[in-house]
Amino acid sequence: MDKLLVRGGRTLNGEVLISGAKNAALPELCAALLTDQPVTLHNVPQLQDVATMLKLIRNMGVTAERADDGTVSLDAGGLNNPEAPYELVKTMRASVLALGPLLARFGHAKVSLPGGCAIGSRPVDQHLKGLQAMGAEIDVDHGYMVAKLGGGRTRLKGARIATDMVTVTGTENFLMAAALAEGETMLENAAQEPEIPDLAEMLIAMGAKIEGHGTSRIHIQGVERLHGCTHKVVADRIEAGTFLCAVAATGGDVFLRHARADHLDAVIDKLRDAGAIVTANEDGIRIQGTAPAYEHLKAQNFRTTEYPGFPTDMQAQFMVLNAIAKGASKVTETIFENRFMHVNELVRLGAHIQIDGKVAVLEGVQKLSGATVMATDLRASASLVIAGLVADGETLVDRIYHLDRGYDKMEAKLRAIGADIERVK
Ligand SMILES: CC(=O)N[C@H]1[C@@H](OP(=O)(O)OP(=O)(O)OC[C@H]2O[C@@H](n3ccc(=O)[nH]c3=O)[C@H](O)[C@@H]2O)O[C@H](CO)[C@@H](O)[C@@H]1O
Ligand SMILES: C=C(OP(=O)(O)O)C(=O)O
């Protein structure tokens, strides 16, 4: 099993090219299932999750080709097996995004329940509730969501859907389903994460009628057919945020080309409050920091919330900064019930952190010391890599298959800006 060996103590300098967003590419690959015409996606990141999603849709009968420049050409004209088997779904929760499009185009679908994962139980009850409001009959049978249209219908019907909480993939499933439904759909309490408007723009390019995307109320007027399109996947704000935290931690001067500062306001505000220098233009974001963090950064309290609040997907990475910055801080996780799995590993590196329910209480330390640590989920893995970059001596991060699920060539990008990091068996 691959591991990452990091030797800490180097500052980072230079330029990093930020890839397309995992959390936009995955729903957008599923959106191609809505039409029998060719769809081309540019800027698709090279990730394990994308490989899994391509496997999943090819298994349905979709033709999907990937070029080295990040272009993926899809043709769901021959889709004849609207099914997502457990073997593929179990490694990637985003497979639930196949349900809305399959149901909308074929009137039936069979998608394995994704199950829980390290960060929490992650139920899909809201997805089911919303699709049922649109006229779907969904049974859970032998671990599968078996969905069909009820009442002799040939298409889903528009509906008003108000979810109990803000759900990102739920909003995406409803957007895709409603695009081909009969009549109007109003999504209340919709997610506003930048990946939602990016998906909506792709659907509009396919002929969908959508208004209000990027706000909490999205209106969709269903159409009978969608056509092919070409779309460029938005830049990955979480990859960019991860590099921002890495450079703030190690010190240095790095430009993140293609990163969107307007998608990272909450994180950039906290970085500036901590003492890092962050500037941005339309080409990307520049961060400048000075080592050691303990002398130049002030720890920040923060609380994860839905966009535009502080993203839960940045909580673990920013926590490393608090662990090595001067002062006490509190980090509150409000989205997932079990997203502090990195804390014990950071403590093994010398961090002072205690967990009290949803709150992690930290006291900054002057230095971390390298050790073997275990990655438990995607962003926890990234936080351990950042910790390794500043720790004394060698840090070996085990189980990095979690990292490979969502970061495009992370160690190569870090090495190019001066990190001492290598992949070992
Ligand atoms: C592929 C993708 O885009 N993943 C992102 C997406 O996950 P995902 O879309 O799975 O996360 P949600 O926004 O749905 O989850 C938010 C909260 O709602 C709960 N919930 C959600 C749906 C439901 O039917 N029932 C329910 O109880 C979840 O357990 C969680 O506590 O948004 C999360 C929150 O920003 C991010 O961490 C993930 O990186
Ligand atoms: C939790 C994440 O992803 P997923 O929803 O794919 O598990 C993430 O990107 O941090």
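How many residues surround ligand 1, and which are the closest? There are 20 of them, and the closest are Asn23, Gln126, Thr167, Val168 and Thr169. If you sort the shell by class, you get eight nonpolar, eight polar and four charged residues.

Before going further, keep in mind that what you're looking at is a predicted model. So how confident is the predictor here? The protein chain has an average pLDDT of 97, and 100% of the residues score at least 70. Among the chain's elements, helix α7 (residues 195-205) has the highest mean pLDDT, at 99, while helix α3 (residues 86-89) has the lowest, at 90. The model as a whole comes with an ipTM of 0.99 and a pTM of 0.98.

Now step back and look at the whole chain. It's divided into domain 1 (3-18 + 235-424) and domain 2 (22-232). Their C-alpha centres are 31 Å apart. Where the two domains touch, domain 1 puts in 18 residues and domain 2 puts in 14. On the domain 1 side, helix α14 (residues 401-406) supplies the largest share, three residues. That side of domain 1 is made up of 10 charged, four polar and four nonpolar residues.

With both domains in view, let's go back to the ligand. Why does ligand 1 lie between domain 1 and domain 2? Both domains give residues to the shell around ligand 1, so that's where it ends up: between them.

Key. Residues numbered from 1 in each chain as written. Chains lettered and ligands numbered in written order. Predicted model: local features only at pLDDT ≥ 70, side-chain atom pairs only at ≥ 80, totals over all residues. Near = placed C-beta within 6 Å. Nonpolar A, V, L, I, M, F, W, Y, C, P; charged D, E, K, R; others polar. Domains from an automatic or database assignment. pLDDT = per-residue confidence, 0-100. Helix = DSSP H or I, 4+ residues; strand = E, 2+ residues; numbered from the N terminus. Contact = placed C-beta atoms within 7 Å.
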